[in-house]
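Subject: Structure for your review

Dear colleague,

Please find below the structure that I am handing over to you. My findings follow it.

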Amino acid sequence: MTLRPPFFTIALLSSAMLAYEILLMRLFSIIQWHHFAYMIISLALLGFGASGTFVSIFRKVLFKHFSIAFLMNIGLFAVSSVCCFLLAQSIPFNPDEILWDKQQPLRLLGIYLLLALPFFFAANAIALALTYFHDRIARIYAFDLIGAGIGSLGIVALLFFTMPLQALVIIACIGLMAAAVATWELNIKARGWVFAALAITGTGLIFLDARSELQISPYKELSQMLRISGTEVVSEHSSPLGLLSVLHSHTIPLRHAPGLSLNASGEPPAQVAVFTDGGGMTAITHETGKPEDYAYLDQITSAAPFHLFQPKQVLVLGAGGGSSILQARYHAVPQIDAVELNPQLIKLLREDYADYTGHLLNTENIRLHPGEARGFVTGTSTQYDLIEVALLDSFAASSAGLYALNESYLYTVEALQAMLKKLQPDGYLVITRWIKLPPRDTLKLFATAVDALKNMGVENPGQQLLFLRSWQTGTLLIKNSAVTQEEITALKKFTNDRSFDLAWYPGIQPDEANQFNQLAEPYFHQAAAAILSDEREAFFKRYKFSLQPATDDRPHFFHFFKWSVLPEILSLRDKGGLPLLEGGYLVLVATLAQAIIASVVLILLPLFFTRKEKQPANPVNKGWVMVYFISVGLAFLFIEIAFIQKFILFLHHPLYAVALVLTAFLIFAGLGSSFSWRLVQGDYYQHAITIAVTGIIVLGFLYIFFMETVFAHFISLSMAIKIPLTLLMIAPLAFFMGMPFPLALAKLGDIAPNMIPWAWGVNGCASVVSAVLATLLAISIGFNAVIFSALVLYGLAWLSFPEKRIANIQ
């Protein structure tokens, strides 16, 4: 009996698989940290590559029982998607100990391989379909990509309505639905038995999910807080932007005032803690009706600008639980604007805790704007006296280097320039960061401010900068004009009264620094002076951490790791070397090493050492085929990963960027693949590959030179407009990028179909490595350089697999 290709099954399965991939990023952001996102992409691709090898080795057996093998792999994907995650989250992995504890790399490998299993099963089904119906490769590939694109967008919508674990079991059930559709498309006779088995399996997964809960890392803030007697999570609120956990402390009152002066005599009123993804705590403060209860807000470093002048209009970027709004209110600011990205946090303040906060956000002089800070600053026409970037991230995660891979477009040179342009002539931009020892991010922020001022034509940036610190926080004040002597005098009084230390003001003397919270040397002042001097580059070179200012092309503000310091870290591993370690970056490096090893062991070695089938009289040159598929595998992911990271600036959140960029690439690459089918019918391989690669290179250069300009013009628009705009911007490039892979597979299907799984595996191996390698390269050389590298690889692909090389074997 002739089988028809299971197009709709492939689309549904791919939709579930991509939704699962993005959901894993969300889940690991909750139970671990954001830097696992690129590991998820890599392990998904490992599953794909290993499946190509598996199908290549067991091709005859699988073809003999195609329908059963196809159906079983879909069912195994559904079951393993839930079970493998629940097992993986139970593995006690701590990224901080990756150089200290020999078990940690093994645990990371265990997580990596466990989570690759569901993708292996799903990819087996897809690879089987591509190989079995090799004469319909382009159409199957198109359904695969379009289904995946729909799934990557659909999971974002689903997360607005369900909790993450609920979304997990829904995805598993979609996988079971794909198996049900397969019984129809493949005309399987025992449908009743299959449907009954699928129903029982789905019921079991729902039951298992209902009895499970997320196991947040014991090293995250929420886990630490729950160890205190009398604390409990009273409510949780989930969305694609984060899982908010509201915590009450019934026994020991919560008091959150980072960097509070040791001279302060009062304490904050009662507070409620709100954690985002188990970290990044912010506090909602109870309204007592007594102004003196909020005097503590004048005893932290961010209060400094209110003692230099009286601002009339203040903008708070990152409202959080409202502490910065309360601080501005305490200092009698007539008009306060605040921006907050997470609408659920806004809802907590406006509705759930409105009475608790005394209806803070319903006050006439306080306006809260839902949205992202950078986009709001770019779009507003208001000129402010004071712009404050609030301190909302986690001290524990920040000091451990776990934000090292986060793309933060709020602390780049371009971002500071945009904020300074929205200030009144004598206005201040104020940014508060955690103090960490050895010093790093406050110094990087200082260097970034210097570059921003220089780019705006300021000849002597040091005349417009003030820098002070407490025992825990440091605040940088950037004035839109030269600091006056009266302001310096006021700042000195403010710091002396609160035992804060001055690190920089115009004319500061070395003996004025490091007076209260004393260090062995006045490191902060010395660094500030060096950054402003002609010895800046030499200072950067010899300093233990990377302090080069972040830019929109290299927005990894929290990346400080230097390879030259690694020997010192290793030598101090038993002597307190932890503060020099950057956990997030090293996890990514370890993931790259594991990706290379796993892809070679699970993909390439089995292909090379299994018994070779008898080849045609004029076989395809495997060397050129390998170069072609490696180049395409690396190049596609290089561009895709670079675009995901660049579009975070435009779409404001990593999950939105991942979902929309993947959607655009997959859907339009699918259309490109479908279009390539027409060219395959006409045997226009050489022309098709030439057109595709030319289109990719031309469009790639246009993106390199003009993407930032487009972002700047449209960044302040609403998400309703930016979503279709994102799809429109990516569509042409993705369309052409969808052609090279299926064109080559289709040609192999004509002249050497036994090589299709082999080519699939080689491409998968390259893709596994490229997902992580692209991120590491972006941190080191920037996004545009990664895109340029991809264009070079596409050129190499064209050279390595032209029509004339295949024509020789016809």
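In what follows, helices are DSSP runs of H or I with at least four residues, numbered from the N terminus. Leu605 lies in one of them, helix H20. Please bear in mind that this is a predicted model.

Surface patch

Leu605 belongs to a nonpolar surface patch of about 530 Å², together with Leu113, Ile596, Ile597, Val600, Val601 and Leu602. Helix H20, which spans residues 583–609, contributes the largest share of this patch, with 6 residues. Leu605 counts as partly exposed because its relative accessibility is 37%.

Cavities

There are 6 cavities of 30 Å³ or more in the structure. The largest cavity holds about 560 Å³ of space. It is lined by 30 residues, and those closest to its centre are Leu45, Phe48, Leu145, Leu637 and Leu666. By class, this lining consists of 21 nonpolar, 6 polar and 3 charged residues.

Several helices supply at least two residues each to the lining of the largest cavity: H1 (7–31), H2 (37–57), H6 (137–158), H21 (622–651), H22 (654–681), H25 (740–751) and H26 (756–781). The largest share, 7 residues, comes from H21.

Salt bridges

Side chains of opposite charge can pair when their charged atoms come close. The structure holds 17 salt bridges. One of them joins Arg374 to Asp552, with the closest N and O atoms 2.8 Å apart. This pair links distant parts of the chain, 178 residues apart: Arg374 is in helix H12 (residues 373–379), while Asp552 is in the loop between helix H18 (536–542) and helix H19 (566–571). Both partners, Arg374 and Asp552, are buried.

A salt bridge is also formed by Asp441 and Lys436, whose closest N and O atoms are 3.2 Å apart. Asp441 and Lys436 are both buried.

Lys492 pairs with Glu512, and here the closest N and O atoms are 3.4 Å apart.

Finally, Lys347, Glu351 and Asp352 are linked in a network of salt bridges.

Yours sincerely

Terms used
Residues are numbered from 1 along each chain as its sequence is written. This is a predicted model: local features need pLDDT of at least 70, side-chain atom pairs count only at pLDDT 80 or more; totals for chains, interfaces and linings use all residues. Side-chain values use heavy atoms; hydrogens and water are left out. Patches are made of residues with over 30% relative accessible area and no salt bridge: like charges are joined within 9 Å, nonpolar side chains (Val, Leu, Ile, Met, Phe, Trp, Tyr) within 5 Å. Accessible areas come from the Shrake-Rupley method with a 1.4 Å probe; for residues, only the protein chains shown count as cover. A salt bridge is a side-chain nitrogen of Lys or Arg within 4 Å of a carboxyl oxygen of Asp or Glu. Buried means under 20% relative accessible area, exposed over 50%, partly exposed in between (1.4 Å probe, protein chains only). On a 1 Å grid over the protein atoms alone, a cavity is a set of points where a 1.4 Å probe fits but cannot get out, and a pocket is an open set with protein on both sides within 12 Å along at least five of seven lines; lining residues have an atom within 4 Å of a point. Grid points are joined across faces, edges and corners, and a volume is the space filled by probe spheres set on the points. Ala, Val, Leu, Ile, Met, Phe, Trp, Tyr, Cys and Pro count as nonpolar, Asp, Glu, Lys and Arg as charged, and the others, Gly among them, as polar.
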